[in-house]
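Hi everyone, thanks for coming. Let me put the sequence and the structure up on the screen, and then we can walk through a few features together.

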Amino acid sequence: MAKAVYLEHYLDSIEGLPYELQRNFTLMSELDNRTEEQKAEIDKLAEDYVANVKNLASDQRVQHLQKIENAYTKCKEYSDDKVQLAMQIYELVDKHIRRLDADLARFENDLKDKLDTSSQESSDEKRLKKDKSVRDKKVTRTQKESDPDSPGRKKVKNSPNNTDLAMHPSDVLDMPVDPNEPTYCLCSQVSYGEMIGCDNLDCPIEWFHFACVGLATKPKGKWYCPCCIKEMRKK
């Protein structure tokens, strides 16, 4: 779209250029014809002077030479006018060339700005998608905390009757381990007994056994694991 606008404006600006060039070239052609006529007249006057110089009086010779000089002066004037017209043509064309160069430079800058804006919008879109992914992850983690089937609410089935009895970590070591079951806590063991979730949404471990973090009952308010507390103190 911008390219079409620049092109349209430039074509409008050079619409009258052919007529101006044609007029100047016509004037130059007329000056050429006049110059040739003056040159022919100079040749004729020179021939007459040479043929009759011996028969001419002193004042007649001066007058004859003056005519030849005037003809040369007139011829020079025509040549100077022709040079002026040529300079006007050059400046006229050069002006439009400079206008074209300036329009091209502006068009390139506009195109570059448009590409930069498009790239920035693409980067912003990627950042928004990334932020949305992080938010979705946090929402999923929050839902996981409130899910009754989450690791923090799981009880190990340590009897055929599925009784929810707390287990000691040493008891877990004697249990058969499913290699596909996820592990938690500082001990990197599976979920068993009572567990507590770290309130730091970016916690890499998330869930901890009460015994591993020195808890007997669930604390009130927010609770942070030892790893996250250590990182917070560093900041």
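How many salt bridges does the structure hold? There are seven, where a salt bridge means a side-chain nitrogen of Lys or Arg within 4 Å of a carboxyl oxygen of Asp or Glu. Before we look at some of them, two notes on what you are seeing. This is a predicted model, so local features need pLDDT of at least 70 and side-chain atom pairs count only at pLDDT 80 or more, while totals for chains, interfaces and linings use all residues. Residues are numbered from 1 along each chain as its sequence is written, and side-chain values use heavy atoms, with hydrogens and water left out.

Now, the general idea behind these bridges: side chains of opposite charge can pair when their charged atoms come close. Let's start with Asp48 and Lys44, whose closest N and O atoms are 3.7 Å apart. Both sit in helix 2 (residues 17–52), four residues apart, about one turn of the helix. When I say helix, I mean a DSSP run of H or I with at least four residues; a strand is a run of E with at least two, and both kinds are numbered from the N terminus.

The cut-offs are under 20% for buried, over 50% for exposed and partly exposed in between, using a 1.4 Å probe and protein chains only.

Next, please find helix 3 (residues 58–146), where Lys74 and Glu77 are three residues apart, about one helical turn. Their side chains meet in a salt bridge at 3.8 Å, N to O. Lys74 is partly exposed at 36%, and Glu77 is partly exposed at 38%.

One further bridge joins Glu231 and Lys234, with 3.7 Å between the closest N and O atoms. Those residues belong to helix 5 (residues 226–234) and are three apart, about one helical turn. Glu231 is partly exposed at 42%, whereas Lys234 is exposed at 60%.

In soluble globular proteins, nonpolar side chains tend to be buried together. A nonpolar core here is a set of buried Ala, Val, Leu, Ile, Met, Phe, Trp, Tyr and Cys residues joined through side-chain atoms within 4.5 Å. The largest one has 13 residues, and those touching the most other members are Ile196, Cys198, Cys203, Phe208, Trp223 and Cys225. Strand 3 (195–197) and strand 4 (207–209) are the elements that give two or more residues to this core. Apart from it lies another core of eight residues, including Leu17, Leu21, Leu31 and Tyr78.

Phe208 lies in strand 4 and Trp223 in the loop between strand 4 and helix 5, so the pair ties together parts 15 residues apart in sequence. Both residues are buried.

Last stop: Leu85, in helix 3, which is buried at 10% relative accessibility. Leaving aside neighbours within four places in sequence, Leu85 is in contact (heavy atoms within 4.5 Å) with Asn24, Leu27, Met28 and Leu31. Leu85 and Asn24 are 61 residues apart along the chain, with their C-alpha atoms separated by 6.3 Å.
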